[in-house]
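Keep it brisk and group the points by topic.

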Amino acid sequence: MTDRLSAQLEFLKCADRLKSVNRANFLLNQSRPENAAEHSWQLALWALVMQPLASERVSINRVIRMLLLHDLVEIIVGDHPIHLQTDWQAVERSEQAAAAELFGLLPDDHRLECLTLWQEFEADETPDAKFAKYLDRCQPMFQVLCASNSMPEHRAIVEENLSSGRAAYLKTEFPQAFEAARSLLEYTPPADTPFSDRLPFLAESDKLKSVSRASRLLNGERFENSAEHSWHIMLYAWILSEHAAPDVSNDRVLQMLLLHDIVEIDAGDHPIHGQVDHEAQEAAENAAAERLFGLLPDDQKSAFLSLWREFEAAESSDAQFAKAIDRFQAPVGNLETGGGSWKDYDVTYAQIEQRVGIPVHRGAPGLWAWLQPRLSSYFSAAVDI
């Protein structure tokens, strides 16, 4: 079991590098390029939000998994913008080799599961893959079209993409998205449709990419943001799902983690080792949840609020495992980087036992059994120094 968990964690730590792969499109506020990890998180959110528009043959939970891992190969091969001249056959060969290398870090059962799902997405033939591809075509375009001051050159790329590029097929395959994009290109509000009704929430969700956390990337180059954190812990929850209780639904856990930090758009991030007025924080987060999920149609607002509140309460088995994963990821990173945010906040082992140990042991005791001796060793060494 220790060797198996070590292999899983090596893969998950390697995945951290996706947060440093920049894409051609920018955040809605135009402050910087989007990276591939936060793009993957937002695509998973698109999938959950746009589920009512998918055919009955689509499993949205498989789509979410596809989108979580679809760009992992870019850790090795980088991003290839669609508007540049590119040898796409060479890219395909490179990506196939990268997928074999990255998923090869995992135990054989996970390796086969992830590689097969990634190849299904790339082949674009099944209903799940087709819907995932629709969203992968849409998100970058609406990233441009929903921005108040998008760059003219980016709008020109969207125009070409819709007219004769990869997104042109949406006219027949996903017409509500196509028509909304055409309207926004002409600076005209799109017609009211189930697709356009969900765009305000998805546009607002882009702000989560600008919420900084206390944890740094494993390469130390900057602080992690809450969108890429949400993507990463979804990957953690998926790969480490065998450490959950038998009654846990991993699909529901992934959805909880997809949504759990949305409120930080309004309420900000509050590090668990910082000084926090918990009553004020709770009030701010509840108000944020009402406002943000209130941008959705009523049925989705109710469903998402319920899932978010279940996570916050941490009483169900699903929520307890989700909480355990949310607490587990940062210590793994801090151990990898020689202390990380523990040094910033002068954290003690007693604090770790209380704030990390209790929720991790409650929701995933096997993960705490792995983590606890490593934490004890680190803090013992720190005291000796």
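The axes of helix H6 (residues 108-123) and H7 come within 8 Å and cross at roughly 70°. H6 and H7 are therefore roughly perpendicular to each other (65 to 115 degrees). This is a predicted model: local features need pLDDT of at least 70, side-chain atom pairs count only at pLDDT 80 or more, and totals for chains, interfaces and linings use all residues. Residues are numbered from 1 along each chain as its sequence is written, and side-chain values use heavy atoms, with hydrogens and water left out.

**H6 and H7**
- On the H6 side, the contact (heavy atoms within 4.5 Å) is made by Glu120, Phe121 and Glu122.
- H7 contributes Asp128, Ala129, Ala132, Lys133 and Asp136.
- By class, the contact of H6 with H7 has three nonpolar, no polar and five charged residues.
- Ala, Val, Leu, Ile, Met, Phe, Trp, Tyr, Cys and Pro count as nonpolar, Asp, Glu, Lys and Arg as charged, and the others, Gly among them, as polar.
- Axes are lines fitted to C-alpha atoms, for helices over the stretch in contact, and angles run from 0 to 180 degrees between N-to-C directions.
- Helices (H or I, at least four residues) are DSSP runs, numbered from the N terminus.

**H5 and H6**
- Helix H5 (residues 88-103) and H6 have axes that come within 9 Å and cross at roughly 155°.
- H5 and H6 are therefore roughly antiparallel to each other (over 145 degrees).
- The crossing of H5 past H6 is right-handed.
- Glu95, Gln96, Ala99, Ala100 and Phe103 of H5 meet Arg111, Cys114, Leu115, Trp118, Gln119 and Glu122 of H6.
- This contact of H5 with H6 has six nonpolar, two polar and three charged residues.

**H17 and H19**
- Helix H17 (residues 317-336) packs with helix H19 (residues 349-363) at an angle of about 135°, their axes 8 Å apart.
- In H17, Gln320, Phe321, Ala324, Arg327, Phe328 and Pro331 take part, meeting Arg355, Val356, Pro359, Val360, Arg362 and Gly363 in H19.
- The residues of the contact of H17 with H19 divide into seven nonpolar, two polar and three charged.

**The cavity**
- A search of the whole structure finds one cavity of 30 Å³ or more.
- On a 1 Å grid over the protein atoms alone, a cavity is a set of points where a 1.4 Å probe fits but cannot get out, and lining residues have an atom within 4 Å of a point.
- The largest cavity has a volume of about 60 Å³.
- Grid points are joined across faces, edges and corners, and the volume is the space filled by probe spheres set on the points.
- Residues lining the largest cavity include Leu28, Trp46, Phe142, Cys146, Leu202 and Asp206.
- Helix H2 (36-49), helix H7 (127-145) and helix H11 (199-205) are the elements that give two or more residues to this lining.
- By class, the lining has seven nonpolar, three polar and one charged residues.

- Asp79 lies in the loop between helix H4 (74-77) and H5.
- Leaving aside neighbours within four places in sequence, Asp79 is in contact with Val21, Asn22, Arg23, Ala24 and Glu74.
- Glu310 has its place in helix H16 (residues 298-313).

Methods. On a 1 Å grid over the protein atoms alone, a cavity is a set of points where a 1.4 Å probe fits but cannot get out, and a pocket is an open set with protein on both sides within 12 Å along at least five of seven lines; lining residues have an atom within 4 Å of a point. Angles under 35 degrees count as roughly parallel, over 145 as roughly antiparallel, 65 to 115 as roughly perpendicular and the rest as oblique. A crossing is left-handed if the near helix is turned anticlockwise from the far one by less than a right angle, and right-handed if clockwise.
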